[in-house]
Amino acid sequence: MNTFVQAMLFQAGYNVALVTVGAILLGIAAGSAGTFLFLRKRALVSDAIAHATLPGIGVAFIIMIWLGGDGRSILGLLFGSAITALIGLFIIEWIPRRTRLPEDAAIGSVLGVFFGAGIVLLTVIQTMSSGRQAGLESFLLGSTAGMLFQDAIVIAIGGFFSILGIWIARRPLTIVSFDKDYAISVGYDVRQIDLLMMGLVLGVTVIGMKLVGLILIVAMLIIPAVTARFWSNRMDEVVVIAGFLGGLSGYIGAVLSASAPSLPTGPIIVMIAIVLFVLSLFLAPNSGVFSTFIERRKTKSNIHRRQGLLTIAKGENVVSSFTRKLLANEGLSRTDGLTDKGKKLVTKILIDENRWIAAKEVYPDKDMNINYGIKLIEETLTKDELLKVDQYIKSHKFKSITYD
Amino acid sequence: MINEFIQFSLTPILIGILAGISCAVPGNFLILKRQALIGDAISHVVLPGIVVAFIFTGVISTMPMLLGAAGAALVAVILIEIIKRLGKIEPGAAMGVVFTGMFALGVLILEQTDTSKVHLDVEHALMGNLESLIWLKAQGWQSLFDLDVLKTLPDELFRIIFVCGFILSLTVIFWRWLKIVTFDEEYARTIGIHSSIINFSLVIITAIAAVAAFESVGSIIVIAMFICPPAAARLMTNKLGIQVIWSIVFAILAAIFGYIIAGYGPLWFGSENSVSAAGMIAVVSGIILLLTCMYGPCRESVGQKKD
């Protein structure tokens, strides 16, 4: 527990603190970059990009050995991985454009083939450096245990620059993800901006590989973005929330993993992100499962209450047992008719009903059927519009419905 | 020379071919239905399934592992569906959330349990152990007719023969339905075919293929084989039946050439050690796809811009 608190306060050693800062920055960068990816419905392209980094790592290692180096220089490896990821990205773009194969087939084939090539290269390296541990396997699942000081620095600086890049490019990215056609009409080159987005995703992937591993970096791009979507409908807010959730996952994950060495950093960060996702899925105030459920029941009751009261007021029988129970439970009706409370409500509903009918005649072009019979008209029309409707009802052109 | 080939290469090549066919055949329908990545998702969740099976049974044996993997695949598919509906999230993102989450959970559990005594690790799950499936008792071609020696073939071979046969016969039996549901779900509904049952069965078949192939050849090959051979076949013809046959041909070619290049290729370059056969089979399938993308007779859709 002691190490946990120390790690939380960045006091558990210089390297742990650096890794934690790196994880936070990476989480923020991945979360916000992933939002654009998610909203452009291209979440899984990042999976292919991530897998396509593996052959690059292998080639870079082999070349560095050839040149007489150590082969483990992180900058060299990251450079190599970026090159093959870029080639993979190009092929994903090229296949659906040149052939009739859809994008998902392109994503899947690049993912499988590049990863296969990477595995081939890893076996080559195993035989090449016989006896010497290349340690490239750590890129598959990430590891902070054997992380060097320079690795942590690269992650922290890379994360910082990714965030900076997203900040600078936020406007075109937002417009293109939100409304592609509008973006074209105001003169943006969508293909170029998509490439820019992919470039940012690629950057995040390459930087995050050492920390969370190339198989799980996708999770850091997708999960916070999907989670953030539950909390807001506004694009700019979603980006910020996703960045925050990503950073939070990175922070908690890195701290937990520092205090319990058997918890590998990458998977634990992803699990934190998953926990945040599940909580949001159920508990988010507007689009969470619970609030949607409650909202639906409310709407159902509203409809039944309104129609039931109108039916009784007309002097007809209510057929639905649900409606009868609802009215009785709310003290609106008894077996012999409406209660005083029920009568009051009927008067109110009748006014509203008349307003709806009148409103349809006043504004024939306005589509109001979505809320008719469910919400009060005050919630649909503006004050001025309502005033006009009321004037119309008072004029002699309109015949109001009345019941005795 | 022949003897050595039969002992060390015949069974891996056969298993590679059969695993490739088992994945490629359902892959045809997945690609046409734009669900190509479900194979990707399923092959990622095989690892947690196996880990959980190991924790429950405490031993590494085939049946529990296969059941665990199949169970995980089923859980993943159901979770994807639930998240898609409950959260109103697009399928790709729902898939991404589910399979990365389950994979991370699998790695975490694996790190927490003491698996040091047994051979269970992530790399093994990814790469498979195609090269180790050898047939030492074989003595030349006549061994193929010797029952006692045939019994010593690796169990993996019998399992993949069974699964491949199962998948092929299902495809033949339900051919008409599969075809109609794949191309026109609306029409299928009007003539009384329950497309949701066919779709769900397709996912189950995909899971079975992924799990069976995974056991011997690892996850990478599974992803590549689900997509590359059928995608390449799609560029060769406009007829579904012929496309399926092409995909089988491509899977066989990839398995044979991939294995041979991996096993003997390095020798030609003067190296003594072979490279990963599973990885090389994936690479060859990618090269086949690349060739069909450039020269396949039906590579363009009607009216596609040439540039």
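## Helix 1 of chain B

Helices here are DSSP runs of H or I with at least four residues, numbered from the N terminus. This is a predicted model: local features need pLDDT of at least 70, side-chain atom pairs count only at pLDDT 80 or more, and totals for chains, interfaces and linings use all residues. Residues are numbered from 1 along each chain as its sequence is written, and chains are lettered from A in the order in which they are written.

Helix 1 of chain B covers residues 2-32, 31 residues in all. Its first and last C-alpha lie 42 Å apart, close to the expected 45 Å. That expected span is 1.5 Å times one less than the number of residues. A kink of about 45° lies at S9(B), shortly before the proline P12(B). The bend is the angle between axes fitted to the seven residues ending there and the seven starting there.

Helix 1 of chain B is largely enclosed by the rest of the structure, because 22 of its 31 residues are buried. Buried means that 20 or more other C-beta atoms, placed from the backbone, lie within 10 Å of the residue's own.

## Where the chains touch

Chain A gives 49 residues to the contact and chain B gives 55. Two residues are in contact if their C-beta atoms, placed from the backbone, lie within 7 Å. On the side of chain A, helix 5 brings the largest share, 16 residues.

## Domains of chain A

Chain A is divided into domain 1 (2-284) and domain 2 (290-394). These bounds come from an automatic or database domain assignment. The C-alpha centres of the two domains lie 52 Å apart.

Key. Helix = DSSP H or I, 4+ residues; strand = E, 2+ residues; numbered from the N terminus. Buried ≥ 20, exposed ≤ 12 C-beta atoms within 10 Å, placed from the backbone.
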